[in-house]
2 protein chains.
Amino acid sequence: MKVPAPHPTLEAVAAHAGVSRATVSRVVNGTPGVRPELREKVKRSVAELGYVPNSAARSLVTRRTGAVAVVIAEPETRVFADPFFARQLRGISRELSANDLQLLLLLVEDEADYQRVGRYLAGGHVDGTLMFSLHANDPLRGIAAASGLPTVFGGRPWWPEWERDASLVYVDTDNRDGARQAVGHLLDTGRRRIAVITGPLDQTSAVDRLAGYCDALGVTEPEPALHAHGDFTVDGGAAAMARLLAHSPAPDAVFAGNDLMATGALRALRAHGLSVPADVAVVGYDDLEPAAWADPPLTTVRQDIARMGEIMASLLLRSLNAPESPPASVIIPTELVVRASA
Amino acid sequence: MKVPAPHPTLEAVAAHAGVSRATVSRVVNGTPGVRPELREKVKRSVAELGYVPNSAARSLVTRRTGAVAVVIAEPETRVFADPFFARQLRGISRELSANDLQLLLLLVEDEADYQRVGRYLAGGHVDGTLMFSLHANDPLRGIAAASGLPTVFGGRPWWPEWERDASLVYVDTDNRDGARQAVGHLLDTGRRRIAVITGPLDQTSAVDRLAGYCDALGVTEPEPALHAHGDFTVDGGAAAMARLLAHSPAPDAVFAGNDLMATGALRALRAHGLSVPADVAVVGYDDLEPAAWADPPLTTVRQDIARMGEIMASLLLRSLNAPESPPASVIIPTELVVRASA
């Protein structure tokens, strides 16, 4: 009743040949010291079962568990509702799979989760970690340090004196420049009362996009009547837009910190009988599916999120293979995509 | 620069008191044999740091790693696009968290993934596994057996002679009865040419829903002109509906194997200028968000997916705590929810 795995493992070959795992390993790796008749037996089993040794795996000398923990500091409800996370995981998983490393996804939300994840990471069950969507002073930083595991962060983390931490490795997109391009485009197309809907301001992505908005307008902080807080969700964007419309004069444009909030803003504008872009131009951020599917399709800032995931994973692989020379952080450029909404 | 965790760990207490983890553990568990001055030191640190020992965790005597692997036999693209998985994970995570167990999510898609997951599970890094969305003869079955870990399956698995496997524990909803109710409702409301869009027929959920459709119509298999295959996605549902409409006479109703495919069917019907439910009634399955948001809102079959996840986790906990008496499988009833589409 045992169902054979489609790709047999080293263990299956060992069982089939009636030898130890170590013997199979020596034969497939060409290590000397195996008796000829055993060598023949193993080779026959390898052929019969169609066993393919993984050379990428063999080259990774520092692997111990063969697994990498991806820790996201968000609840399931957000991780599964925002295509951003699926995209980033796709990139990570592509790179880890290519190196035969197992991806383990862990989500942390409340304080008990942090403790538990800390214990698991410190328990020797993974070779390294990738952490993203951290919040200001996120305990994940201490947890990563305490675990002693090589860690790469997704998005610039935010804790006191992070700039001086030589061991910090992160991958980010150029959020500030992306926001500058978005608001610059609104200015170029004649908009004068440009509002901003920000994401959670305990995350650098949201803070940096707000900074880019201010850069483009030549101000140090947004005018209160032109600023509303969102939470990176559709509903949060709709509520923020409704609050902005309560002020007079109303804005003639809005820059939302991600596509989901921009979609919510479109919904609120429609509910107020306003037309996009005639009355109010809307720009989003991310260029994920909701941007192209929106009505009207969203002008937005494209960041290559899958690539960000791939680079995170490849930097971690470099740390695993050469722990003495940690890689430098990487900032990926962003690009404005103009569609009908602005 | 170390950021303290909001809930201190046993390790933090040990470091603060300058004693070993074992000493802290003995003091908080009331085990004798710790010198009074050390005991006092630990108690002071416990109070100062606000350490709360987790009694639920202590009661779980068989735990070794404190982690449970949740393995889904689907690619990220599906897991993140179908709210079914988020809902099920929410239920699982609620139950595991309440017992201070760490959830590790692993997705398997290609054969290399299966091998790698097999190695990880056999490596002693988790205490048990929950596996769902298996396909016919899924290698996960052999992987679970080879790992020696207590395992609970989500959805009735499907391999030769599964009925005779006394060790098999699974949680499912009553797919066949749910489909019977859905098609019965279409018959009761006067529909006579009722088509079916099935999910992947290598999964028991899809097969059982098709069987329920046949039960309600009193046939052993669907009429070819009234049957189209989908893949549990919106696009798959739209393509299947378009194929059904190519036959003459056209169906006057369609039962789709999940809400996503039903949403796709609505889209295809609209594209063909047909009105729902006047020309064609549509019934979905799952009762997830897309059902209530659809236009018109979908009549569908509600299955309590979060509850299914909770029960899976609680059966696994029982297996961990009492390995000598494995729990019985559980089938959760389903319920028709009537909205505007049928």
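The secondary structure of chain A comprises 14 helices and twelve strands, where helices (H or I, at least four residues) and strands (E, at least two) are DSSP runs numbered from the N terminus. The model is a predicted one, in which local features need pLDDT of at least 70 and side-chain atom pairs count only at pLDDT 80 or more, whereas totals for chains, interfaces and linings use all residues. Residues are numbered from 1 along each chain as its sequence is written, chains are lettered from A and ligands numbered from 1 in the order in which they are written, and side-chain values use heavy atoms, with hydrogens and water left out.

The C-alpha trace of chain A spans about 90 × 40 × 35 Å along its principal axes. Of its 342 residues, 56% count as buried, that is, under 20% relative accessible area, with exposed meaning over 50% and partly exposed in between (1.4 Å probe, protein chains only). Among the contacts in chain A with a separation of 6 or more, 72% come from residues 24 or more positions apart, contact being defined as heavy atoms within 4.5 Å.

Chain A contains an open sheet of four strands in the order S7-S6-S8-S9, with parallel pairing; two strands pair if DSSP finds at least two bridges between them. Its edges are formed by strand S7 (227-229) and strand S9 (281-283), each of which pairs on one side only, and the twist averages 15° from one strand to the next. Strand S8 (residues 253-256) of chain A pairs with S9(A) in the parallel sense over three bridges, and Val254(A) stands opposite Val282(A) in S9(A). Helix H9 (residues 175-188) of chain A lies across strand S6 (194-198), S8 and S9 of chain A, running at about 170° to S8(A); axes are lines fitted to C-alpha atoms, for helices over the stretch in contact, and angles run from 0 to 180 degrees between N-to-C directions.

The axes of helix H6 (residues 83-98) and helix H14 (residues 305-321) of chain A come within 7 Å and cross at roughly 40°, which makes H6(A) oblique to H14(A), given that angles under 35 degrees count as roughly parallel, over 145 as roughly antiparallel, 65 to 115 as roughly perpendicular and the rest as oblique. Residues of this contact include Phe84(A) and Gly91(A) of H6(A) and Met308(A) and Leu317(A) of H14(A).

In chain B, the axes of helix H7 (residues 111-122) and helix H8 (residues 140-147) come within 9 Å and cross at roughly 20°, so H7(B) is roughly parallel to H8(B).
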